[in-house]
Structure formats: structure tokens, C-alpha cells
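Open the model in your viewer and keep the selection tool at hand.

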Amino acid sequence: MSRTFMVKRDDLTHSRLNDSAPLSAAADEVVLAIESFALTANNITYAVAGNMIGYWKFFPSADGWGQIPVWGIGKVVDSGHSDISPGTRFYGYFPMAEQLRVQPVDVNPRGFKDGAAHRAELPPVYNQYSAVNAENGFTPGFDDHAMVYRPLFTTSFVLDDYLADNKFFDTKSIILGSASSKTAFGLAFMLHQRSDIEVIGLTSDGNRKFVEKLGLYNTVLTYDAVESLPFEPSVYVDMAGNRQVLGRIHHHLQDNLKCSCGVGITHWDARDGEDPATLPGAKPEMFFAPSQIMKRNQELGAAQYQALLGAATQAFFARVDNWVQIERHPFEEVQAVYDLVRNGPPADRAYVIAA
């Protein structure tokens, strides 16, 4: 049997495991056995924004249930494609399951793209499967780091690049919501290297000590201290998606808020509040990393941009174990780990599910 983890699309507190027959590959298809995948708050964002951005469409399901996409590594166990051999390992976008069937196109030594019809109109960056090798930037012994941090830190890197590309919207103060989240402190890691930028982290009282110990933020404030933010030109990068906090920041900074950039929804259960479109200051907009990646690929060339990202990622990997411990859990515990992540896991832990 092959198991798949499902959630109710309109109620993320309901989940189940489905059993089905093992998959097989027809001509030009490949079946990957999913070896392991990371489960982070980023995946909860995928679920919350599933209808808005289309995350539910990658691995479609019926009857109101959905498969949350995750980043993982799979090994080819059945191949009907002449250019892809069994045993080859690929990193990419997977369902929370034990198997995935894909239709490889644009096959080359570095990987392939899933050419399945239902994915044709979805962002190309999510349809790419990369061979797990040194040429693609995968360091032996760091598979867990790649699954946990590579997608998150890529967003952090691209956010830093986006802000710099826009001259930080003529501000010197960058406020990061949900400062303990991995994407937030990845961005703080990048911003910390810029001596002329003040990085302010907003976090819960329970995560304050963790955020302070990171040493990446110039100032750390709890959410009840939003009104003490410096009244000066600022950018807010919203990893939390908490509309009440968002409203308070906008009302406090008014026209001093030059950019309000939505990235994550770690506070997925705190979506009540004012309509963001009616708030004072800069209009809140969702950040979509693939758009900035495509822009910079055109301007710099994909190879140069990937080299910059690769160097930054390795520097981040060299330090992140000082802050966060990665835990591995068997697939049998996927529901328990999902519930833990959905309800807010310890900031100093990350989770990998091994099939």
C-alpha cells in the first residue's frame, strides 16, 4: 500500500491518512518513492493560501480534501522514461505521501520539469525537480538542511534582494513579523550583513529569548509593544499574517510605512481584522518569490543568480545548527507532527518526516 496524508481544505484541524495501491509508471512517466520531506510553518501557509495562490492544484484531490505541498527528496523506483534511471534521487515539490507519479519534460543532467497537464499553468519554480548532486548545490550529509531550509532561505534571500532592488523603499528600518520563524531569521541573517539597515523583530513573549539569542536583530519587541516602534520611515515584512497586528502597525506608522509586504501566515488562525485595503500607509501586498527570481534571472542570468544564492545558502547552513535542531520522525507520526507545526512548534526545532 501507499499512504497519503490529507487535510480538509476548509478546516486545517481535520486530517487523515489514505491508503491506495502502489503507483506504476506508464510510458514517459516516473514514479518516485518519497524518502523524506520537511514539515514547517511554511507548509501551513501553503494550506491557508491554497485557494488564493493555487497550492491545492499541485496534487489535486476531491471531496473537499487536499494534499499540502512539501519540499522533499524522492528516489525513482519505476521509470517509463528513457532518460531517467531507477535509483536517481531528486529534490522538489512533493505531496505529504509515500509516492508521486510525474511526467518528466525538459530532462537534462540537472533534473527535469513535471509536464503533467494540471501543473502547466502553475509557477514553473514549483514544477522543477533537481538531481541531488554536488553540481546542483547539494552537499553530502546536508539533505535534511536542504529540505528544511532551502525553500525557506531561498525566500529569505529573494526578499533581501527584492528590498535591495527597491532601495529598501527609501527607509533604514525593516520590521519582521513572526521573527522566530525560519524565513524571518533567514532574512534577518541577510539584512544583518548590511550595516546601514536596522532590523526589528516582532515576536511572542514565549519566543523572545530565542529571537534575542539569534543575534540577528538590532531590536526585539513583543506584539504588545507594537505602538513603541520608532515613528520613522519603515518597511514591514509580515510573516505572521495576523491581521490585528497588521492593523496596529499601519495605524501606528501611518504614512511612514513605505512598504507592507505579506510573506507568510504563521498565525493562520488570526485572520480576523480590518480589511487590509483600507489601512493607512502603504497598501499591503503579498510577496511572490518566483516573480523576483524570474526578474533577476533575466537581469543577471540564471547561473549568476543561482551562484549568489548558493553562496548565501552555504553561509547560512554553516550557522543555523547553532540555533535550531532538526528532528526526524517516521511517516507513522506525520499527523502528530503536522498538528504540532500547525499549533506553533518550538522555535528551536525543525521537523523532517522519513518514509
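Start by selecting Thr-40, which sits in the loop between strand 3 (30-39) and helix 1. Helices (H or I, at least four residues) and strands (E, at least two) are DSSP runs, numbered from the N terminus. This is a predicted model, in which local features need pLDDT of at least 70, side-chain atom pairs count only at pLDDT 80 or more, and totals for chains, interfaces and linings use all residues. Residues are numbered from 1 along each chain as its sequence is written, and side-chain values use heavy atoms, with hydrogens and water left out.

Why does Thr-40 count as buried? Its relative accessibility is 7%, and buried means under 20% relative accessible area, with a 1.4 Å probe and protein chains only. Show Val-148, Leu-152 and Val-341 as well: leaving aside neighbours within four places in sequence, Thr-40 is in contact with these residues. Contact means heavy atoms within 4.5 Å.

Next, select Asn-42, in helix 1 (residues 41-48). With neighbours within four places in sequence left aside, Asn-42 is in contact with Trp-71 and Leu-152. Its side chain also makes a polar contact with the side chain of Tyr-46, at 3.0 Å. A polar contact is a pair of N or O atoms within 3.5 Å; within protein, one must be able to donate a hydrogen and the other to accept it, and residues adjacent in sequence count only if both atoms are side-chain atoms.

Two strands pair if DSSP finds at least two bridges between them; strand 1 and strand 4 pair over two bridges. Select Lys-8 to find Trp-65 of strand 4 opposite.

A further open sheet has six strands in the order 13-12-11-14-15-16, with parallel pairing. Its edge strands are strand 13 (219-222) and strand 16 (285-286), each pairing on one side only. Between strand 14 (residues 234-238) and strand 15 (residues 257-262) there are five bridges, in the parallel sense. Select Tyr-236, whose bridge partner in strand 15 is Ser-260.

Technical notes:
Buried means under 20% relative accessible area, exposed over 50%, partly exposed in between (1.4 Å probe, protein chains only).
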